[in-house]
Amino acid sequence: MTVLVLGGAGYIGSHTVDRLVAAGYDVAVVDNLVTGHKDAVNAKARLHVGDVRDKAFMRQVFTDENVEGVVHFAAFSVVPESMKDPLKYFDNNTAGMVTLLEVMHEFDVKNIVFSSTAATYGEPKQIPIKETDPQIPTNPYGESKLAMEKIMHWSDVAYGIKFVALRYFNVAGAKPDGSIGEDHNPETHLIPIILQVAAGKRDQLQIFGDDYPTKDGTNVRDYVHVVDLADAHILALKYLAAGNDSNAFNLGSATGFSNLEILEAARRATGKAIPAVMAPRRPGDPSTLIAASDKARDVLGWQPQFDDVEKIIATAWNWNEKHPNGYAK
Ligand code: NAD
Ligand code: UDP
């Protein structure tokens with residue numbers, strides 16, 4: 001069985017390719033390298049450089065590879081950018097999904113595991129967030145991903161293409177041996193930015209908002225380790241291969257940490273002072289996002305190994321120390 005990983009040169013994609021290879025899967029990757037890195041792709045996987053929206057290219061990949069299942073990470077995912085340029089997100093993310101499903105239908109490929117996001121829920125009515133809760137995104141990024149879920153739903157109804165939507169909460173950390181990790185440019189995520197301050201690459205952290213209705217006024221998020229997340233994709237592929245119906249699962253820890261708590265945990269994990277200042281709210285940020293993720297545990301048998309946010313940050317710090325310039329030579 002060849003698993004085709006779209007966006008497999010990116011942060012989460014490269015960790016999933018690594019785990020798939022370790023589990024004995026034959027893996028092919030499609031990535032246009034807009035935010036991904038060639039060196040992040042496990043050497044045992046075949047990399048096809050090109051764009052998911054390029055139908056001729058995608059047809060060639062499906063002709064060359066004996067694809068039995070697709071894992072789809074290829075997307076833009078920066079919330080503030082999506083607020084400024086929503087069409088960039090609907091084009092790359094949502095339109096990309098249409099092309100992908102057309103080609104899957106043409107080549108009779110019936111299974112897809114999809115990177116969805118907590119951002120599809122928007123400002124939650126209740127915490128923890130359940131998979132059945134309303135999905136009302138507060139930013140175009142979340143809207144583009146919700147549209148992708150709906151497009152997959154109707155493609156299942158019409159063509160029998162089965163999907164698992166994995167709604168990630170906040171993903172962090174790196175492979176514990178430090179060989180692959182997170183390298184976004186520009187970086188926008190909290191933990192890697194904090195570690196850039198710890199490494200002396202930035203002067204200080206700006207904390208976006210301290211007037212939210214949370215324990216200390218800063219946003220609360222639910223963090224999951226990237227390797228645990230990668231393993232959930234393998235379980236989702238098995239779930240679909242066993243003939244199960246389309247489904248959606250939250251992937252989180254069911255525990256919330258405020259931005260200030262993450263800063264404190266990073267100070268402990270790195271032993272660095274990490275200067276920080278308060279800054280205005282960032283547009284589009286929901287106050288609190290915490291996942292109910294018992295469904296993934298019960299139905300997929302997912303058993304995350306990392307339950308301590310300080311240990312998660314320590315794996316990211318290890319990657320940073322081993323690769324101070326990321327994937328740049
Ligand atoms: P990333 O930017 O590191 O990875 C995305 C990869 O897709 C990159 O390698 C990029 O080059 C590739 N790509 C993008 N558009 C493409 C296209 N049109 N054709 C071919 N390749 C393309 O991002 P990531 O942090 O690894 O996120 C992966 C997925 O997970 C995204 O879909 C994102 O929406 C989702 N997600 C991420 C988080 C998080 O905390 N990082 C949380 C929720 C959901
Ligand atoms: N954040 C922050 N300063 C930064 C980057 C992020 O205060 O430089 C906050 C952000 O406002 C949010 C939390 O950190 O409350 C997590 O943001 P991130 O972009 O990492 O993930 P998101 O929750 O948006 O997916």
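How many nonpolar, polar and charged residues make up the shell around ligand 1? The shell has twelve nonpolar, 13 polar and three charged residues. Keep in mind that this is a predicted model.

**Around ligand 1**

In total, 28 residues surround ligand 1. The closest are Gly7, Gly10, Tyr11, Gly36 and Ala75. Several elements take part. Helix H1 (11-22), strand E2 (26-31), helix H4, strand E5 (111-117) and strand E7 (170-172) each supply at least two residues of this shell. H1 gives the largest share, with three residues.

**Around ligand 2**

Ligand 2 is surrounded by 15 residues. Here the closest are His189, Leu190, Ile207, Phe208 and Asn219. Two elements each supply at least two residues of the shell: helix H6 (190-198) and strand E8 (205-208). E8 gives the most, four residues. By class, the shell around ligand 2 holds six nonpolar, six polar and three charged residues.

**Two helix pairs**

Now turn to the helices. Two packed helices are described by the angle between their axes and the distance between the axes. The table gives both values for two pairs.

| Helix pair | Axes come within | Crossing angle |
|---|---|---|
| H4 (residues 86-106) and H5 (residues 140-159) | 9 Å | roughly 15° |
| H8 (residues 259-270) and H10 (residues 309-322) | 9 Å | roughly 55° |

Take H4 and H5. Their axes cross at roughly 15°. Angles under 35 degrees count as roughly parallel, so H4 and H5 are roughly parallel to each other. H4 passes H5 in a right-handed crossing. On the H4 side, the contact residues are Pro86, Tyr89, Phe90, Asn93, Thr94, Met97, Val98, Leu101 and His105. In H5 they meet Pro140, Tyr141, Ser144, Lys145, Ala147, Met148, Ile151, Ser155 and Tyr159. By class, this contact of H4 with H5 has twelve nonpolar, five polar and one charged residues.

Next come H8 and H10. Their axes cross at roughly 55°. That angle makes H8 oblique to H10. The crossing of H8 and H10 is right-handed. H8 brings Ile262, Ala265, Ala266, Arg268, Ala269 and Thr270 to the contact. H10 brings Val309, Glu310, Ile313, Ala314 and Trp317. By class, the contact of H8 with H10 has eight nonpolar, one polar and two charged residues.

Notes: Residues numbered from 1 in each chain as written. Chains lettered and ligands numbered in written order. Predicted model: local features only at pLDDT ≥ 70, side-chain atom pairs only at ≥ 80, totals over all residues. Near = placed C-beta within 6 Å. Nonpolar A, V, L, I, M, F, W, Y, C, P; charged D, E, K, R; others polar. Axes fitted to C-alpha atoms, helices over the stretch in contact; angles between N-to-C directions. Parallel < 35°, antiparallel > 145°, perpendicular 65-115°, else oblique. Left-handed = near helix turned anticlockwise from the far one by under 90°. Contact = placed C-beta atoms within 7 Å.
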